[in-house]
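Dear colleague,

Please find below the structure that I am handing over to you, followed by an account of what was found in it.

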Number of protein chains: 2
Amino acid sequence: MTTLEDCRALDGQDPLRALRELFTIPPELIYLDGNSLGVMPKAAPERVARAVTEEWGVGLIRSWNSAGWYEMPQRLGDKVAGLIGARAGEVVVTDTTSINLYKVLSAALKVARRHSTGRSVVVSERSNFPTDLYIAQALCKEQGCELHLVEDEDVEAAMADDVAVLMLTQVNYRTGALHDMRAVTQAAHAAGVLVVWDLAHSAGAVPVDLHQADADFAIGCGYKYLNGGPGAPAFVWVHSRHRDEFEQPLAGWWSHAAPFEFTPDYRPAAGIARYLCGTQPVLSLVALECGLDTMLAAEPLGGMAALRRKSLALTDLFIRLVEERCAGHGLGLATPRDHGRRGSQVCLTRSEGAHAIVQALIARGVIGDFRAGDARQPDILRFGFTPLYIGFEDVWNAVEQLKQVLDSGEWQRPEFHQKQAVT
Amino acid sequence: MTTLEDCRALDGQDPLRALRELFTIPPELIYLDGNSLGVMPKAAPERVARAVTEEWGVGLIRSWNSAGWYEMPQRLGDKVAGLIGARAGEVVVTDTTSINLYKVLSAALKVARRHSTGRSVVVSERSNFPTDLYIAQALCKEQGCELHLVEDEDVEAAMADDVAVLMLTQVNYRTGALHDMRAVTQAAHAAGVLVVWDLAHSAGAVPVDLHQADADFAIGCGYKYLNGGPGAPAFVWVHSRHRDEFEQPLAGWWSHAAPFEFTPDYRPAAGIARYLCGTQPVLSLVALECGLDTMLAAEPLGGMAALRRKSLALTDLFIRLVEERCAGHGLGLATPRDHGRRGSQVCLTRSEGAHAIVQALIARGVIGDFRAGDARQPDILRFGFTPLYIGFEDVWNAVEQLKQVLDSGEWQRPEFHQKQAVT
């Protein structure tokens, strides 16, 4: 049996332990929701304050040049690029994940259908994050295409002759299941299908190598494992073989070759800048840059490979402790045990009370979240493990609280059954 | 002749003078660029700091509920609504102006073409802000429509049988010319044409009454006269007669009727929420709310009607002083003298050196901006007058500096002829 002392010893040996000091972690919390909103980098308050009081307050309009506001989508994009196997100049940070998906899915459909007019299907997973499905539905409707949803295990078999684009989230938001990006991309390409990857739960969480996988398009989120703050802007990458071939439909002035010439005719920028659209929320970008810098601080300590080793050790430990210490409480495991198939979260199932158990844990300072099931899939208790700042003792303590919530039955109290706007 | 003392006397009599104290205005500046980026409300640093350190840093994911993050698009939208003649619940603050234009123009085309399939033209002004034209071009291309650009004075004559939508910016960004929203809308409707209004240079600058004008769709900007900070999110309004009729194409999860049910099928929210898309940049929204609150602080002092009186007095004074004190320097006036046709800015023309004169003024602490001309229109020296915080003495001092720049010829120095990324 694993003990608390064992967990403390693991923290003592953790080569990444010092990175925790880059963050403000409320001392009363064990925060296992970094896959939903990452914690605050210690640098953020001062950096954001400077952007407000000096850059906005004093620099005013001049700061577009003097404070480098104008280059932020590219500068932050370069910092993201290193985390996802992209090259400098290939990524911009801008807009939201949903909007960036609309841009790249639109471009992907154009590329695919130019090469083969008979291809009019977008394939995705039924359990993909809903906003991806909604955006794809809307775009398919506009373009006379069809969205075909399949189960995880049926993705490769679905690569039929009429499929234009495969759109997948690399790490499933509900289960934490991880796709092999390279293998899936190869299988899709072999069938003449382009692949759009949503990296929302993988950028900063698992090693990603877009070029090695020969991916076509990718987008991702700034406020989860990249610790960019609430609603931080998202990012977009397009392989250079497709990048300059098509104009994305959200052809705002920031995607123009020369926006400050103010010409009435649209002329798209070369390179990834054509995937920009309008003026970006600078204060939110500034906070996101602090988050990206915490990821970069891991580089000298082994970078994503070291983070991945720790992430797997954390999720292994959580699974083991739940099975050792919470046995008999009806918990199941929705996350793959196979390291090659696991992201950086662990999802538990329970036929009853999952929402209330999560609420009772939150009341005890252990923050995970709940994801509702339906006829096809169970309710989920979801716990994210961000290796930058989560320790092994945190895992012990989280499981201890879970055990107490279950042993005591306190989750059955009415106060834990109230619905909230955001879950 | 108007004197400095006269201007000081006007400030002394200004019933809105106290509002200036709500802002941090760098003492060495005369800031006439609030039409590009409004100055910082004094409340912003503390409010943003609280959002960073308490709501993000401590509240973390819980703040979506406990700090009201989730309702911000609607709460801020209600604050905008009062400034543009919309009703509570009719406006959301979200995304960028360009993206919101894409949403409403798409919806407008669908409405128009359902009623009359022969209508496939979008009419706009050639000198509309380019991002509006680019978005319209892209959308027209996608939908097999045509964008027809006309001069300001030819707009009503262009309302032919094949026109689906008239898309106008109420106050022209280059000239400050103001459209009569009600008259133009009536003329368009009489011809069976829907109207999309861009309020980027009118919300907070001139009285707007969308319902009285019977407008169809409107969007606008948060970082100009609403003082929301760099790249602050934008807003969108749709008349209730069209609102629930169509799904906009950017159908992200925030526009879903029940986003936290995470269902794979899209079901649009009722009301203006269906014009949302993805997760919004909270820190930038928080700053924008501070800006909106400065507008609301004008309400007990007479609100938009009082702001409008002062705005016209400021721009009248600027025009008069330029003509009195800078005569003989080749300056022309691009802004209408007629109050009914003037926004809250004054644009001067000069056949030579406009860019360098603006740069020389900036070096002297008078911040306006330059907008390049082309074969059809002259270069512009642009000066915005935000009545919330600009005073009559500011106008005197700005013209005095302009006079000195012209009298001395210092604008001809090489340092004022360098190009910058953002102008």
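**The annotated lysine**

A:Lys224 lies in the loop between β9 and β10 (234-238) of chain A; helices (H or I, at least four residues) and strands (E, at least two) are DSSP runs, numbered from the N terminus. This is a predicted model, in which local features need pLDDT of at least 70 and side-chain atom pairs count only at pLDDT 80 or more, while totals for chains, interfaces and linings use all residues. Residues are numbered from 1 along each chain as its sequence is written, chains are lettered from A and ligands numbered from 1 in the order in which they are written, and side-chain values use heavy atoms, with hydrogens and water left out.

An unreviewed UniProt entry gives A:Lys224 the feature "modified residue: N6-(pyridoxal phosphate)lysine". UniProt positions are given in the numbering used here, feature names are shortened, and annotations may be inferred rather than shown by experiment. A:Lys224 counts as buried, at 12% relative accessibility; buried means under 20% relative accessible area, exposed over 50%, and partly exposed in between (1.4 Å probe, protein chains only). Leaving aside neighbours within four places in sequence, A:Lys224 is in contact with A:Gly34, A:Asn35, A:Ser36, A:Gly38, A:Ala200 and A:His201, where contact means heavy atoms within 4.5 Å.

**The annotated binding-site residues**

The unreviewed UniProt entry also places the feature "binding site" at A:Thr97, A:Ser98, A:Phe129, A:Pro130, A:Thr131, A:Asp132, A:Thr169, A:Asp198, A:His201, A:Tyr223, A:Trp253 and A:Thr279. These residues do not all gather at one spot, since they span 183 residues in sequence and the farthest two C-alpha atoms are 30.0 Å apart. From this set, A:Thr97, A:Ser98, A:Phe129, A:Thr131, A:Asp132, A:Asp198, A:His201 and A:Tyr223 belong to the lining of the largest cavity. On a 1 Å grid over the protein atoms alone, a cavity is a set of points where a 1.4 Å probe fits but cannot get out, and lining residues have an atom within 4 Å of a point.

Two members of the annotated set may be described in detail. A:Thr169 is in strand β7 (residues 163-169) of chain A and is buried, at 5% relative accessibility. Not counting residues up to four places away in sequence, A:Thr169 touches A:Glu125, A:Asn128, A:Phe129, A:Asp132, A:His179 and A:Asp198. The side chains of A:Thr169 and A:Asp132 are joined by a polar contact of 3.5 Å. A polar contact is a pair of N or O atoms within 3.5 Å; within protein, one must be able to donate a hydrogen and the other to accept it, and residues adjacent in sequence count only if both atoms are side-chain atoms.

A:Thr279 is in the loop between α9 (240-243) and α10 (282-296) of chain A and is buried, with a relative accessible area of 7%. Apart from neighbours within four places in sequence, the contacts of A:Thr279 are A:Trp64, A:Trp253, A:Trp254, B:Thr96, B:Tyr223 and B:Gly231. Its side chain makes a polar contact with the side chain of A:Trp254 (3.5 Å).

**The two chains together**

Chain A can be laid on chain B with an RMSD of 0.0 Å by a turn of 180 degrees and a shift of 0.0 Å along the axis. That is the relation of a two-fold axis. Copies are superposed by least squares on the C-alpha atoms of residues with pLDDT of at least 70 in both. Within chain A, A:Ser284 comes closest to the rotation axis, at 2.9 Å (C-alpha). The same surface serves both copies, as 100% of the contact residues of chain A recur in chain B.

The contact takes 84 residues from chain A and 84 residues from chain B. About 7,200 Å² is buried between chain A and chain B, and carbon and sulfur atoms give 68% of that area. Buried area is the accessible area (1.4 Å probe) that two parts lose on being put together, summed over both. In chain A, A:Trp56, A:Tyr134 and A:Phe262 lose the most area to chain B, together 11% of what that side buries.

**Backbone angles**

Most residues other than glycine have a negative phi. A:Asp214, which is not a glycine, has a positive phi of about 60 degrees; A:Asp214 is found in the loop between α8 (210-213) and β9 (217-220) of chain A and counts as partly exposed, at 32% relative accessibility. B:Asp95 also has a positive phi, near 50 degrees. B:Asp95 lies in the loop between β4 (91-94) and α5 (97-115) of chain B and is buried, at 8% relative accessibility.

With kind regards

Technical notes:
On a 1 Å grid over the protein atoms alone, a cavity is a set of points where a 1.4 Å probe fits but cannot get out, and a pocket is an open set with protein on both sides within 12 Å along at least five of seven lines; lining residues have an atom within 4 Å of a point.
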